[in-house]
Amino acid sequence: MIRYRNDNRTSVLRRAVVAAALALLAGCAVVPKPVAHAPVLRPVEAAPQANVLPSDTDRHRIALLVPMTGASAAIGQAIANATTMALLDTNAANLRITTYDTAASGAGPAAAKAIADGNKLILGPLNSEDVGAVAAAARPAHVPMITYSNDADAAARDVFVFGQAPGQSVARVIGYARAHGITAVGALIPTGVYGQRVAAGLNGAARQYNVRVTDVETYERTNTSVASAIRRVKAKGQVDAIVIADRARIAALAAPMANGVRLLGTELWAGDATITHMAPLRGAWFAAISDKRFGQFETSYHNRFGVNPPRISTLGYDSVLLTLNVARSWRSGTVFPTGKLFDSQGFIGLDGVFRFNEFGIAERAMEVREVGTGTFTTISPAPVHFTQEDYQIQHRAGI
């Protein structure tokens, strides 16, 4: 998606990229081929230094609220870089994105400053625990937010959750497993919030696809604990598959005790190449967003900023594409039209097609992968568009 030269071919490419970025159809090409040796760039909008931002009559003011200092600064910077890339790649002239540091003085004061500066939409914050403070400042001003958190509980009438909800990954792989003869599953789920979300997704999907959950065992992340948990699952009755809702390291500890039972993972396995070198996990299935476009994005990002981006940075890029899509019918100076976010056909981004459900939670098209020897194989591609049936299935499953 990157433009590096100012020749005629680049002009043609630029127009093609703009059209692609604003398309609603998943078949659109989002990432053009990068060109090597591009200059290292910095985000185009830094935190405001003056008390008042420059006056805009033809640009929408958008606030990006992410940590630019502290422990999560690298992730915040990567998201900010990705939003810059999206603006440059689409040649967007109707948006002003200003970055506010949520770690310096807190998310609440950052949001208050963003509102005082006249921003009409907030992208962020990154962490769910900051959503309440941001909403307290933004809600009285009728400024909605699209948070990068994956906490579905944070969603509200003016808070849209853009992160990948864990339950959706589980639901996708359960649906695939049921279509391939699996009718009874057990599950190993860690204690804590993530585990609770996975359990909810599993139970909803099991009801929807008529899969029997024989036993759900929770565990602390220790070797002895996970070993005991899988033994308890197998002792509760015959199962066709076992869900291990944890990272590769924990999955590898439990896998040898599965004794040939099909293993199912979550999105936590995506991007972890070490899992393909763990013999006990070969043949396991898991669901995740597609990486089809990420490789080109990663190359372009590295050419611009000199480092590789974290996987989460695509949320920054896609949130800008989403905003540009809505901005086509958004009159400058007015309240952001949140109703446009509920388009049932969805939107297109680096991570594939997505849409917001009635609760304001992003639903994402996912693929199913199988763990092989040294590689992953996509055994069920991500859908390229949503259907009404997709919506009804996810709604009934509670995800």
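Among contacts in the protein between residues at least 6 apart in sequence, what share joins residues at least 24 apart? The share is 69%, where a contact means heavy atoms within 4.5 Å.

1. Basis of the note. This is a predicted model, in which local features need pLDDT of at least 70 and side-chain atom pairs count only at pLDDT 80 or more, while totals for chains, interfaces and linings use all residues. Residues are numbered from 1 along each chain as its sequence is written, and side-chain values use heavy atoms, with hydrogens and water left out.

2. Overall content. The protein has 11 helices and 15 strands, taken as DSSP runs numbered from the N terminus (helices are H or I, at least four residues; strands are E, at least two). Of its 399 residues, 54% count as buried, a term that means under 20% relative accessible area, with exposed over 50% and partly exposed in between (1.4 Å probe, protein chains only).

3. Helices 3 and 4. The axes of helix 3 (residues 107-116) and helix 4 (residues 131-138) come within 8 Å and cross at roughly 30°, the axes being lines fitted to C-alpha atoms, for helices over the stretch in contact, with angles that run from 0 to 180 degrees between N-to-C directions. That makes helix 3 roughly parallel to helix 4 (angles under 35 degrees count as roughly parallel, over 145 as roughly antiparallel, 65 to 115 as roughly perpendicular and the rest as oblique). On the helix 3 side A107, G108, A111, A112 and I115 take part, and they meet A133, V134, A137 and A138 in helix 4. By class, this contact of helix 3 with helix 4 has 8 nonpolar, 1 polar and no charged residues (Ala, Val, Leu, Ile, Met, Phe, Trp, Tyr, Cys and Pro count as nonpolar, Asp, Glu, Lys and Arg as charged, and the others, Gly among them, as polar).

4. Helices 2 and 9. The axes of helix 2 and helix 9 come within 11 Å and cross at roughly 100°, which makes helix 2 roughly perpendicular to helix 9. Helix 2 contributes Q77, A78, N81, A82, M85, L88 and D89 to the contact, and helix 9 contributes F297, S300, Y301, R304 and F305. By class, the contact of helix 2 with helix 9 has 7 nonpolar, 3 polar and 2 charged residues.

5. Aromatic pairs. A search of the whole structure finds 13 aromatic pairs (rings of Phe, Tyr and Trp, the last by its six-membered ring, pair if their centres lie within 6.5 Å; planes under 30 degrees apart count as stacked, over 60 as edge-to-face and the rest as tilted). The rings of Y176 and W285 have their centres 5.0 Å apart and their planes at 80°, so this pair is edge-to-face. Because Y176 lies in helix 5 (residues 166-179) and W285 in strand 10 (residues 285-288), the pair ties together parts that are 109 residues apart in sequence. Y176 counts as buried at 12% relative accessibility, and W285 is buried with a relative accessible area of 5%.

6. The loop residue M68. M68 lies in the loop between strand 1 (60-66) and helix 2 (73-90), and with a relative accessible area of 25% M68 is partly exposed. Leaving aside residues up to four places away in sequence, M68 touches A73, G76, Q77, A80, T99 and D101.
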